[in-house]
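Work through the exercises below with the model open beside you. Try each task before you read its solution.

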Amino acid sequence: MKTKILCFLGLTACLASLAYAQLSGAGTSSTICFSCHQDQAKDWSTTWHSRSHVDSNPIYKAMVNYISRVTYQPEESVLVGCAQCHNPKMTIKEISGKDSFTLAKVLHVETEQTKKVDASVGDASIKDGISCNICHNVAKINESADMEMRGFKAVEWGPKDMIYGPFEDDGRAGLHKSTQKEHFTNPDKLCMACHFGGETNPKSKVELYATGKEFIESGDTVERCADCHMSTKRKGIITPEITRPGITAQERNIRSHLFEGARNSNILKDTLTLKAKPSGNNLILELTNLTPHKAPTGFGGRSMDVKVEFIKDGSVVNIQTYTLEIVYLDKKGKETIPYIATSIKSDNRLAPNETRKLNIPKFAGATSAKVTVTYRLVSEKMLSIINFSDPIFNKNYPVASIDVNL
Ligand code: HEC
Ligand code: HEC
Ligand code: HEC
Ligand code: HEC
Ligand code: HEC
């Protein structure tokens, strides 16, 4: 009925409302939203939220494969666990009777359970990752300090055809149901449903992804997650191309949907300030973290290298590198990846808003130095542990640099 009425309103609205009619159907994917919300869709598709499914993220795939091999579990078992945050609408939440499932997988025997799990892991409607219908279908967030209670365990979904957002009313009512929720007027809570800190190895309690916890402990309230990672608010009309007779679209305060990270923005230039000055036999470096979380934060493979190149007669005569990273150990004390770690050997990342001084001994005879700070999505060490290389991940992203006369 709704569709019929809208079809008097012009072709765009008609096609869009046909798309919307599918919203109430089962297994919705976010492509339904794209026809009307092109700006949001364009931004979001550049972000790795859109690639959080194993089929579109090579480093996630490589990690899952490695965990599967060293822990003797089928990849599907690993994926069901990771889906808690990476694909929170995956229908299977836990694998019961893991031993018989593993045995069936090893022997390539198809059972009712393997069929169900395979269908759930390969479900087309979850392949677009942290998509529109993940965030905008969150009806409630259950806050908890328990590391286990993240991802789907932290949220309650609304009805399939309900969209939650930052505004009280859908000014052009009828296009879809929508309601205002506090976790959109203050989105920190929404972000922290997944970015608070969690653990994937319940026995060891090694904490991962503690960005939200770092943020809260910093006490910094100047800027929120969305201010830096979406954009500051600006005036704009949502989907201006959809018009309805007699209804004037309202100008609203909106943000971009870039969820800015190292890969799709230049957010790294706002990570830190770098100062350098000679003092006696040392070069003193001063790094100030400009973020209210650690730098680097998030996924445990992220690292930053501070590299000092001492120069004499125009050539580099000595290089010293200082790496900011977390080092994870397995139960035998060997360096490993976060997900199978039983302890943390060291974590020298910059604390929220910290200023760190580094004393670097000057190289004798050097007349100047070049200091560069670069960011890696995955440290070289971690790539070598899982024996993986890929141009996106095996790359140094520039953060800051400075030249000093000695
Ligand atoms: C990671 C969570 C997340 C995802 C994924 C997401 N959104 Fe949003 N969206 C938000 C938040 C948070 C706001 C509110 C921002 C604010 O006003 O502070 C918002 C606001 C909006 C608004 C209101 C206008 C605006 O732009 O501020 C629209 C429309 C919207 N989103 C559509 C979409 C569509 C379409 C997609 C998929 C292409 C999508 N969103 C994906 C979190 C998300
Ligand atoms: C038929 C076109 C159409 C489709 C399809 C559509 N939207 Fe909308 N949406 C609109 C219009 C128009 C508004 C209202 C804008 C206004 O009043 O300022 C809106 C508003 C919103 C808002 C803000 C609501 C609020 O109360 O804060 C969000 C969030 C949103 N849409 C998300 C989505 C998502 C997610 C999908 C896909 C599941 C989707 N929309 C599909 C047209 C559409
Ligand atoms: C449902 C869980 C979930 C929610 C809610 C969520 N995220 Fe994410 N976020 C993820 C996952 C999973 C990834 C990693 C995706 C990948 O690289 O495979 C991620 C990645 C990111 C990245 C790195 C993106 C890139 O392109 O490199 C940023 C930045 C980010 N999120 C910010 C936010 C902000 C800000 C919010 C709140 C508005 C938010 N997230 C809400 C799960 C979530
Ligand atoms: C003052 C701006 C600012 C605020 C506020 C902020 N961040 Fe960040 N964030 C950054 C910068 C700059 C980086 C890049 C350096 C780093 O990793 O620390 C970053 C990095 C990240 C990353 C890793 C990005 C990647 O490419 O993988 C995630 C995830 C993230 N932030 C999530 C959050 C969440 C969640 C919040 C709120 C709890 C938040 N941030 C608050 C500025 C900010
Ligand atoms: C508690 C929620 C949660 C769980 C559970 C989780 N992840 Fe993540 N994952 C995230 C978030 C949030 C990010 C984004 C952090 C960032 O950008 O720094 C992420 C990022 C990643 C990345 C980096 C992706 C990229 O594009 O750079 C990899 C790899 C990864 N996760 C692997 C896994 C694996 C493997 C599992 C299961 C063993 C898993 N994750 C379980 C929340 C989770």
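**Exercise 1. Contacts of ligand 1**

This is a predicted model. Find how far an oxygen atom of ligand 1 is from an N or O atom in the side chain of arginine 255.

*Solution.* Start at arginine 255. An N or O atom of its side chain is 2.6 Å from an oxygen atom of ligand 1. Next, go to glutamine 40. Here an N or O atom of the side chain is 3.1 Å from an oxygen atom of ligand 1. Then take histidine 257. A polar atom of its side chain lies 2.8 Å from a nitrogen atom of ligand 1.

**Exercise 2. The shell around ligand 1**

Which helix gives the largest share of the shell around ligand 1?

*Solution.* First, look at the residues around ligand 1. There are 23, and Cys132, Cys135, His136, Arg255 and His257 come nearest. Second, sort the shell by type. It holds 15 nonpolar, six polar and two charged residues. Third, look for helices. Helix 3 (31–34), helix 4 (38–45) and helix 9 (132–135) each supply at least two residues. Helix 4 has the largest share, with three residues.

**Exercise 3. The iron atom of ligand 2**

Name the protein donors of this iron atom. Then explain why the arrangement is octahedral.

*Solution.* Begin with the donors. They are His37 (NE2) and His176 (NE2), lying 2.0 Å from the iron atom of ligand 2. Now place them in the chain. Histidine 37 is in the loop between helix 3 and helix 4, and histidine 176 is in the loop between strand 3 (162–165) and strand 4 (177–180), so the pair ties together parts 139 residues apart in sequence. Finally, check the angles. Ideal angles for six octahedral donors are 90 or 180 degrees. The six donor atoms here subtend angles of 87 to 178°, which makes the arrangement octahedral.

**Exercise 4. The iron atom of ligand 3**

Which protein atoms are donors here, and at what distance?

*Solution.* The donors are His49 (NE2) and His195 (NE2), lying 2.0 to 2.1 Å from the iron atom of ligand 3. Histidine 49 is in the loop between helix 4 and helix 5 (58–70), and histidine 195 is in helix 11 (residues 188–195). The two are 146 residues apart, so they link distant parts of the chain.

**Exercise 5. An open sheet**

What is the strand order of the open sheet of three strands?

*Solution.* The order is 7-8-14, with antiparallel pairing. Strand 7 (272–279) and strand 14 (355–361) are the edge strands, each pairing on one side only. From one strand to the next, the twist averages 20°. Now count bridges.

Conventions:
Residues are numbered from 1 along each chain as its sequence is written. Chains are lettered from A and ligands numbered from 1 in the order in which they are written. This is a predicted model: local features need pLDDT of at least 70, side-chain atom pairs count only at pLDDT 80 or more; totals for chains, interfaces and linings use all residues. Side-chain values use heavy atoms; hydrogens and water are left out. Two strands pair if DSSP finds at least two bridges between them. Helices (H or I, at least four residues) and strands (E, at least two) are DSSP runs, numbered from the N terminus. Axes are lines fitted to C-alpha atoms, for helices over the stretch in contact, and angles run from 0 to 180 degrees between N-to-C directions. A residue is near a molecule or strand if one of its heavy atoms lies within 4 Å of it. A polar contact is a pair of N or O atoms within 3.5 Å; within protein, one must be able to donate a hydrogen and the other to accept it, and residues adjacent in sequence count only if both atoms are side-chain atoms. Ala, Val, Leu, Ile, Met, Phe, Trp, Tyr, Cys and Pro count as nonpolar, Asp, Glu, Lys and Arg as charged, and the others, Gly among them, as polar. Donors are N, O and S atoms within 2.8 Å of the metal (3.2 Å for Na, K and Ca); water is not among the atoms, so sites may look incomplete. Four donors count as tetrahedral if all angles lie between 85 and 135 degrees; four count as square planar and six as octahedral if opposite donors are over 155 degrees apart and all others between 65 and 115; anything else is irregular.
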